[in-house]
Amino acid sequence: MAKHPVEFVEMHERLRQDTDGIYRRAVLAELESLGSETKRKLDAGVSPDDFKPIAALKAAVDEAKVVVDLAWSALHQAP
């Protein structure tokens, strides 16, 4: 989980101000790390009761990466 939770509104503002993409890359790296961690857990084998929530977390992390990319791109596309 994130060491420093960020409110969505704060994240939106930071992405808007992130003209060089440094913040975007940092968020994506953190999400990638979390996604890799959850995949390792799934690959190592988990109980049937644990599989569904861990798989849902992995899917949510994958979708969050898409959302961050889309939001950043929408905020920084040329007029």
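What you have open is a predicted model, in which local features need pLDDT of at least 70 and side-chain atom pairs count only at pLDDT 80 or more, while totals for chains, interfaces and linings use all residues. Residues are numbered from 1 along each chain as its sequence is written, and side-chain values use heavy atoms, with hydrogens and water left out.

Next, show the surface of the whole chain. Its accessible area, from the Shrake-Rupley method with a 1.4 Å probe and with only the protein chains shown counting as cover for residues, is about 5,900 Å², and 60% of that belongs to carbon and sulfur atoms. Of the 79 residues in the chain, 23% are buried, a term that stands for under 20% relative accessible area (1.4 Å probe, protein chains only), with exposed meaning over 50% and partly exposed in between.

Now select α2, residues 22-44. This helix has 23 residues and reaches 33 Å from its first C-alpha to its last, close to the 33 Å expected at 1.5 Å a residue, the expected span being 1.5 Å times one less than the number of residues. Display the side chains of Y23, R24, V27, L28, L31, L34, G35 and T38, the buried residues of α2, which pack against α1 and α3. Just after the helix, G45 takes a positive phi of about 100°.

Stay in α2 and centre on L34. L34 counts as buried because its relative accessibility is 17%.

Then select M11, L15, Y23, V27, L28, L31, L34, V61, V68 and W72, the ten residues of the largest nonpolar core, meaning a set of buried Ala, Val, Leu, Ile, Met, Phe, Trp, Tyr and Cys residues joined through side-chain atoms within 4.5 Å. Two or more of these residues come from each of α1 (8-17), α2 (22-44) and α3 (48-76), and α2 gives the largest share, five residues.

Finish at W72, where the charged end of R24 sits over the ring, 5.5 Å from its centre; the cut-offs are NZ of Lys or CZ of Arg within 6 Å of the ring centre and within 35 degrees of the ring normal.

Technical notes: Helix = DSSP H or I, 4+ residues; strand = E, 2+ residues; numbered from the N terminus. Contact = heavy atoms within 4.5 Å.
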